[in-house]
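Please read the following points with the sequence and the model side by side.

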Amino acid sequence: MARATDEELLAAIAGRDNSAGREFFLRHRQGAFRVAYRLLGNEADALDVVEEAFVKIMKAAAGFRGEASVRTWFYRIVTNTALDARRRRSRFVTLETGDEDAPGPKDLLPSREETPPAAALRKETAQKIREAVALLGEKHRTVFVLVVVEGLSYRETAEVLGISPGTVMSRLFYARKYLQESLRKYMETDSE
Amino acid sequence: MSDCKKFARAISAFVDGQLDDRQTRGLEAHLAGCPSCRAVLESWRAANEAARDVPAVDEKHWEEIWQRVEKRSAGAQTPTTLRHSAVAALSLWRAVWKGAAVTALAASILLAAYFLMRGDGAAGRPASTGGRFEVVSIEVEAPDYDVFVMAPEEGELPVIWLEGGA
């Protein structure tokens with residue numbers, strides 16, 4: 001039997017078909033988790049967002065009219081749910097984290113005395129990159145996550161966020177410039 | 001150097017696979033002779049790889065999440081398990097629709113009265129024309145009402161009343 005399309009699954013979910021809901025969940029839970037995890041930075045919060053987003057999706061399936069693709073519709077719900085959760089959480093932790101749009105890149109860099117083996121350095125570099133991504137401002141981080149982590153095109157990302165593809169391209173470029181600056185010394189050390 | 005600045009945005013789009021063939025050829029020609037831009041490209045690719053790496057979630061966790069999703073979404077769609085806020089919202093909508101139906105009915109009656117007084121019967125057909133009492137048939141959204149119109153003598157106000165309705 002042919003595999004049902006996402007559109008067909010949403011129609012079946014709207015008709016209260018629980019097996020269709022489960023199939024949709026199995027197909028897209030990882031994508032939802034990756035976005036939520038990279039936007040929120042921890043597993044427990046990300047899983048809460050996944051649950052909340054899928055509840056919304058199950059309830060909203062009947063309202064899906066196909067004006068956007070299922071992919072952009074789905075990521076819009078997940079992204080908005082994650083950003084809402086992050087904003088709610090930030091009310092309680094602002095004093096601890098400070099201004100996230102003005103992170104201190106120096107905190108991310110290793111001291112010059114460190115000379116770990118190459119493999120460990122790469123692993124540590126990857127960790128520092130993830131930390132730097134977490135310190136990007138919300139707008140830049142969201143675009144970065146949708147394009148880089150989930151592989152959405154600039155046009156799809158623009159549809160998800162309600163911005164132009166040019167703005168997507170610009171935000172990505174500046175996100176990368178920031179990451180590059182944050183990690184410059186790491187890259188230099190790694191290439192030596 | 002000015003070339004590198006020009007190509008920086010193209011490298012970002014290239015990493016995302018968003019350049020067309022012509023743009024890609026132009027960038028690759030530049031990269032072939034520019035170690036600095038190649039280093040930028042590699043660092044951005046490394047950032048992509050690192051960002052894509054997320055922890056694996058235990059299947060048991062996924063199952064628990066799905067069970068909660070199923071329960072919560074099914075509960076919201078079943079009228080008998082509606083939350084208090086949903087019940088209140090539903091009652092409000094009923095009241096709004098009822099009000100709208102009565103308003104439409106009243107407007108229809110006034111129109112009927114107007115046309116009756118003009119005597120052309122455009123809004124309804126008199127069921128009885130004996131004397132001054134008229135029963136008017138009007139198609140409205142509230143079928144539970146019967147409309148009665150007392151046609152007055154010339155110069156008097158018409159009397160209109162309803163019978164029935166919820």
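1. Arg176(A) and Asp16(B) are joined through their side chains by a salt bridge, with 2.6 Å from N to O. A salt bridge is here a side-chain nitrogen of Lys or Arg within 4 Å of a carboxyl oxygen of Asp or Glu. Between chain A and chain B, seven salt bridges are counted. On the side of chain A that touches chain B, at least two residues each come from α2, α3 (43-60), α5 (118-134), α6 and α8 (165-191); helices are DSSP runs (H or I, at least four residues), numbered from the N terminus.

2. This is a predicted model, in which local features need pLDDT of at least 70 and side-chain atom pairs count only at pLDDT 80 or more, while totals for chains, interfaces and linings use all residues; side-chain values use heavy atoms, without hydrogens and water. Residues are numbered from 1 along each chain as its sequence is written, and chains are lettered from A and ligands numbered from 1 in the order in which they are written.

3. The pLDDT is the predictor's confidence in each residue, from 0 to 100. Its mean for chain A is 83, and 80% of the residues of this chain reach 70 or more. In residues 93-114 of chain A, however, the pLDDT is below 50, although the stretch has 28 contacts in the model beyond near neighbours in sequence; contact means heavy atoms within 4.5 Å. Where pLDDT is low, the predicted coordinates should not be read in detail.

4. How much area do chain A and chain B bury between them? The value is about 3,600 Å², of which 61% is on carbon and sulfur atoms. Buried area is the accessible area (1.4 Å probe) that two parts lose on being put together, summed over both. Within chain A, the most area is lost to chain B by Glu51(A), Phe173(A) and Arg176(A), together 17% of what that side buries. The contact involves 40 residues of chain A and 35 residues of chain B.

5. Thr142(A) belongs to helix α6 (residues 138-149) of chain A. With a relative accessible area of 4%, Thr142(A) is buried (buried means under 20%, exposed over 50%, partly exposed in between, with a 1.4 Å probe and protein chains only). Leaving aside residues up to four places away in sequence, Thr142(A) touches Leu39(A), Thr79(A), Leu83(A) and Leu161(A).

6. Arg16(A) is placed in the loop between α1 (6-14) and α2 (18-40) of chain A. Arg16(A) is exposed, at a relative accessible area of 52%. Its phi is near 65 degrees, a positive value in a residue other than glycine.
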